[in-house]
Amino acid sequence: MEFGDPFFGNSYIDAIIRLNIVVLVMTLVVIYLTYGERKVLGRIQQRIGPNRTGPGGLLQGFADALKLLSKEDLRPRNADRWVFELAPFAAFVPIFVILVTLPFAENWGVRNLSLGLFFVFSILGLNIVGILMAGLGSGSKYALLGGVRAAAQMISYEIPLVISLLAVAMLAGTFNLNEIVLLQETRPYIIVQPLAFVIFFTAMLAELHRAPFDIPVAESEVSGGYFIEYSGMRWSLFQLAEYTAMWAFSIFAAVVFLGGWAWPMGTEWGWGWQLFLTIAKSFALIFSMMWIRGTVVRLRIDQLMNFCWKGLIEISFALLLVNGFFLYYGWPEEVLALVQWAATIIFIGFIYTRGVRRSRANEYIGTYRNPEAATP
Amino acid sequence: MAVEVLWWLFAFLIVGTAIGVVTARTVIHSALFLLASLGGVAAMYVLLLVEFLALVQILIYGGAVAVLVLLALMLTRQAAGGEPVSLNGPQAPFAALAGIALAAVLVGAVVASSWPAAAADGPVDVPFEQISEALFEDFGATFILVSILLLVAAVGAIILARQEDAD
């Protein structure tokens with residue numbers, strides 16, 4: 001059976017049924033992601049995490065969902081009514097649309113688009129709209145601040161994200177996600193393009209507002225950011241969008257960089273193994289995101305912007321150029337992989353040495369009383 | 001049949017939201033209507049089977065331009081809930097004149113051009129390989145010139161915006 005062939009009746013009904021299956025799986029995954037995140041963070045912070053509702057706290061997510069459904073839907077008096085009320089939907093729809101093109105296993109997905117990769121990152125651009133609407137429409141200074149921060153961050157980090165994906169598309173020579181997966185049957189692209197993966201993963205954390213880039217939703221600074229005024233159903237839609245984005249991004253990264261369903265042994269061991277591969281790889285990525293959240297401190301907004309505009313963008317352009325040279329002159333892929341690994345190690349080593357350098361902040365403590373001394 | 005229904009649906013969406021852009025009371029609503037209108041145009045491209053162009057429309061106009069408009073609004077105007085800013089200044093009649101002139105040119109072009117009598121073939125999808133060949137090989141020099149123009153515009157915008165820091 002080919003991907004495009006309607007499996008259930010005619011093509012419209014087929015699309016709707018496939019979408020419904022994806023939505024059901026998505027809801028379950030999101031409910032257990034919230035539970036999993038609390039458990040993982042609890043473990044990292046030497047707590048137990050939810051353990052009261054159901055065996056081992058397994059029903060906690062359902063209890064939370066029920067609680068959120070029954071809460072009152074409040075709207076501040078000075079909020080812009082329609083902008084405020086439609087914002088959660090505008091935030092959720094683009095994330096949901098991305099799921100349409102993701103291949104979960106061979107011929108398992110809603111639709112096989114020939115421009116799949118391009119589809120994903122052009123729809124991602126619309127992701128900001130809902131957040132901006134929430135920030136503008138809430139009539140709250142905290143929400144506005146969070147919205148501005150989110151927009152600045154997401155516009156900036158979209159560039160390295162897209163360019164690192166283009167580097168892979170260059171190598172693959174196609175935008176079709178299924179073909180990209182099939183090309184990775186012998187080796188996943190992370191082996192050939194480790195630097196692209198590092199850039200993509202960093203930009204992905206920023207696009208998802210995950211720590212250490214959770215500046216727009218920082219509780220201690222803007223007390224929740226753009227969704228501060230939301231409650232009940234609408235707040236849970238934002239939450240749903242956030243966790244769905246996490247899951248969709250992880251599957252997308254697994255498909256583009258980690259070999260999706262094809263590596264290893266995907267085409268030989270059948271669809272059960274393929275489905276397991278995709279899910280296992282995406283959950284490994286999600287776990288590493290939670291791990292980072294539990295262990296890395298939040299950046300400041302100027303550090304965040306500097307890192308993007310003065311670091312990631314230049315490196316990703318250089319990456320694109322190097323890939324272009326290798327492809328144009330037909331140099332072997334092994335050499336490209338070696339060059340990329342060397343660059344990755346230098347890049348990470350540079351970040352590490354910057355990170356562990358002794359902070360010079362101590363010299364400035366107390367200098368606010370004496371403004372002349374404070375200027376470095 | 002379904003395509004025709006969808007065509008009319010999106011045609012009304014585009015025109016309706018375009019009217020919304022002009023008549024909305026606040027700039028934020030105008031920007032959101034603009035975004036919806038541009039999204040409708042992208043849907044039209046999908047109906048015409050030029051998926052690549054539709055995605056470019058979403059990426060450039062939806063994701064970048066409209067968001068930049070909203071971001072600029074956020075940084076310059078007051079937040080929603082404050083007093084609505086009066087949008088129509090003394091420039092309104094000239095703006096109307098420019099709009100009518102543009103519409104006249106477009107309608108004139110549509111009326112004057114000789115359309116093929118029967119579009120029996122229907123639209124065909126142009127593969128993006130063909131588009132990229134035309135863009136980077138046939139019109140490579142033009143492409144480079146346009147990108148230099150954009151770069152100059154970006155640098156100029158930064159210089160204009162950062163002027164208060166210089167003194």
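Predicted model: local features only at pLDDT ≥ 70, side-chain atom pairs only at ≥ 80, totals over all residues.
View 1. Apart from residues within four places in sequence, the contacts of A:Ser138 are A:Pro76, A:Ala79, A:Phe84, A:Ala143, A:Ile228 and A:Glu229. A:Ser138 itself is placed in the loop between helix 5 and helix 6 of chain A. This residue counts as buried because 29 C-beta neighbours lie inside 10 Å, where the threshold for burial is 20 or more. A:Gly61 stands 77 residues from A:Ser138 along the chain, and the C-alpha atoms of the two are separated by 27 Å.

**View 2. The contact between chain A and chain B.** Chain A contributes 24 residues to the contact, and chain B contributes 20 residues. On the side of chain A that touches chain B, at least two residues each come from helix 4 (116-124), helix 5 (127-137) and helix 6 (141-172) of chain A. Helix 5 of chain A provides the largest share of that side, with seven residues. Sorted by class, the side of chain A that touches chain B holds 16 nonpolar, seven polar and one charged residues.

**View 3. The crossing of helix 9 and helix 13 of chain A.** Helix 9 (residues 194-207) and helix 13 (residues 301-329) of chain A have axes that come within 10 Å and cross at roughly 145°. The crossing in which helix 9 of chain A passes helix 13 of chain A is left-handed. From helix 9 of chain A, the contact uses A:Leu195, A:Ala196, A:Ile199, A:Thr202 and A:Ala203. Helix 13 of chain A brings A:Leu312, A:Ile315, A:Ser316 and A:Leu319 to this contact. Which classes do the residues of the contact of helix 9 with helix 13 of chain A divide into? They comprise seven nonpolar, two polar and no charged residues.

**View 4. Two residues of chain A with positive phi, A:Gln46 and A:His209.** Most residues other than glycine have a negative phi. A:Gln46, not a glycine, has a positive phi of about 55°, and A:His209 likewise takes a positive value, near 55°. A:Gln46 belongs to the loop between helix 1 (11-44) and helix 2 (60-70) of chain A, whereas A:His209 is found in the loop between helix 9 and helix 10 (219-222) of chain A. Are these two residues buried or exposed? A:Gln46 is exposed, because 6 other C-beta atoms lie within 10 Å and the limit for exposure is 12 or fewer. A:His209 is buried, because 23 other C-beta atoms lie within 10 Å.

**View 5. A:Gly36 in helix 1 of chain A.** A:Gly36 is part of helix 1 of chain A. With 18 C-beta neighbours inside 10 Å, A:Gly36 is classed as partly exposed. A:Gln184 is 148 residues away from A:Gly36 along the chain, and their C-alpha atoms are separated by 30 Å.

**View 6. Helix 2 of chain B and the residue B:Leu49.** Helix 2 (residues 27-47) of chain B contains 21 residues. From first C-alpha to last, helix 2 of chain B reaches 30 Å, close to the 30 Å expected at 1.5 Å a residue. The buried residues of helix 2 of chain B include B:Ile28, B:Ala31, B:Leu32, B:Leu34 and B:Leu35. Also buried in helix 2 of chain B are B:His29, B:Ser37, B:Gly39, B:Gly40 and B:Ala42. Just after helix 2 of chain B, B:Leu49 has a positive phi of about 65°.

**View 7. Helix 6 of chain B.** Helix 6 (residues 140-161) of chain B has 22 residues and spans 32 Å from its first C-alpha to its last, close to the 32 Å expected at 1.5 Å a residue. How many of the 22 residues of helix 6 of chain B are buried? The count is zero, and helix 6 of chain B is hardly covered.

**View 8. Arrangement of chain B as a whole.** Chain B has seven helices and zero strands, in the order α-α-α-α-α-α-α from the N terminus. The domain assignment of chain B lists domain 1 (1-79) and domain 2 (126-167). Between the C-alpha centres of domain 1 and domain 2 of chain B the distance is 23 Å. Of the 167 residues of chain B, 15% count as buried. Among contacts in chain B with a separation of 6 or more, 56% join residues 24 or more positions apart.

Technical notes
Residues numbered from 1 in each chain as written. Chains lettered and ligands numbered in written order. Contact = placed C-beta atoms within 7 Å. Helix = DSSP H or I, 4+ residues; strand = E, 2+ residues; numbered from the N terminus. Nonpolar A, V, L, I, M, F, W, Y, C, P; charged D, E, K, R; others polar. Domains from an automatic or database assignment. Axes fitted to C-alpha atoms, helices over the stretch in contact; angles between N-to-C directions. Left-handed = near helix turned anticlockwise from the far one by under 90°. Expected span 1.5 Å × (residues − 1).
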